[in-house]
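Hello,

Here is the structure we talked about passing on. Please load it first, then read the notes below it.

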Amino acid sequence: MFRTSVMMQVLYGSPLLLLFILMSGGYAVPKSERVIEKTLSDQDHFKAGDHNVDYDHDAFLGHDEAREFEDLSPEESKKRLGDLVEKIDKDQDGYVTKEELTEWIRYTQRRYLDQDVNRQWDEANKEKKETIDFDAFKKFSYGFLDGFPENEIESSDHELYKDMMARDKRRWEVADQDGDGLLNKKEFYDFVHPEETVHMRDIVVKETMEDIDKDKDGKISLEEYIGDMYHGAEGEQEPDWVQAERNQFGDIRDKNKDGFLDFEEVKQWIIPPDYDHAEAEAGHLIYETDEDKDRKLTKEEILEHYDIFVGSQATDFGEYLVRAHDEF
């Protein structure tokens, strides 16, 4: 769901690669999970069934800040993490509680979303108007195609780009709540991050089903479900996590036990009701690092397990700490 002109420029000479990258942001791409939680991280929460520590780093710091930390020595990383802990401990009692950690993760989530939408809004809205129309967005997202002679784009690729634009147009119309054909910044936010807004979530489910439902029968079979996340070589033994997913399909996902996932079953899968990803991530971080099992973290416990929060290495992070202090 992320489209930037920088990405377009980097991939300008490779339409198929560009298509793959675009697909990873809101279109079909094999991944280990589909549950909507990408606002915490662009990383998959699990890799081949194992917890992905890069997801934790992004959730705790935000994507850009987590990448900055990767160039720090362990000593500098711990020092700056310690400064950050003092900002998270809002009541300054020497402990980071689950509530304080959840609030911090929600803060990084909001900052990430705002930065992402602001960047795309500024790049698509060159004239700095109060609203933008779909043609302006299409030029921003697909204008790179104008640089390719028609005979250099295979017909199959051209059809895929057309499908992508049609999907964007459909999502645009759902985000356009007043029906004037234009999106203000709030509507544009809903368009870019539909998973964050209740009235947009059905379009997320519809897009997901279109991605996975290869035979276009309006439902997802077990084979399609597994095929979306795992492509083994011929004769290769399936990993245990794939078998676990097969069991999940039958035991949990397929509510009516008809062997398929329909629209409502997919919705409960990718947008589970009453599930707070920030709270769940805070609980996970505490579970992994709470040495004395008192359900809260000291600064020492966090620094002892600093690699879970910020990576074993992590550039200058001082400017971020100043921003965090001012904003949080």
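Is R171 buried or exposed? R171 is buried, because its relative accessibility is 0% and the cut-off for buried is under 20%. Keep in mind that this is a predicted model.

Salt bridges first. There are 15 in the structure. In one of them, the side chains of R171 and E207 meet, N to O, at 2.7 Å. This pair links distant parts of the chain: R171 sits in helix 8 and E207 in helix 10, 36 residues apart. E207 also counts as buried, at 4% relative accessibility.

K186 and D190 form another salt bridge, at 2.8 Å from N to O. Both are in helix 9, four residues apart, so about one helical turn separates them. D190 is buried, with 1% relative accessibility.

D202 pairs with K267, with the closest N and O atoms 2.7 Å apart. D202 belongs to helix 10 and K267 to helix 13, so this bridge ties together parts 65 residues apart in sequence. D202 is partly exposed at 38%; K267 is partly exposed at 25%. Salt bridges with shared partners also join R167, R170, E210 and D211 into one network.

Now the packing. The largest nonpolar core has 32 residues. F188, F191, Y225 and V266 have the most contacts inside it. Helix 10 gives the largest share of this core, five residues. Leaving aside residues up to four places away in sequence, Y225 touches I212, I220, E245, F249, R253, L261 and W269. A second, separate core has 21 residues, including V85, V96, L285 and I286.

Best wishes

Terms used. Residues are numbered from 1 along each chain as its sequence is written. This is a predicted model: local features need pLDDT of at least 70, side-chain atom pairs count only at pLDDT 80 or more; totals for chains, interfaces and linings use all residues. Side-chain values use heavy atoms; hydrogens and water are left out. A nonpolar core is a set of buried Ala, Val, Leu, Ile, Met, Phe, Trp, Tyr and Cys residues joined through side-chain atoms within 4.5 Å. Buried means under 20% relative accessible area, exposed over 50%, partly exposed in between (1.4 Å probe, protein chains only). Helices (H or I, at least four residues) and strands (E, at least two) are DSSP runs, numbered from the N terminus. Contact means heavy atoms within 4.5 Å. A salt bridge is a side-chain nitrogen of Lys or Arg within 4 Å of a carboxyl oxygen of Asp or Glu.
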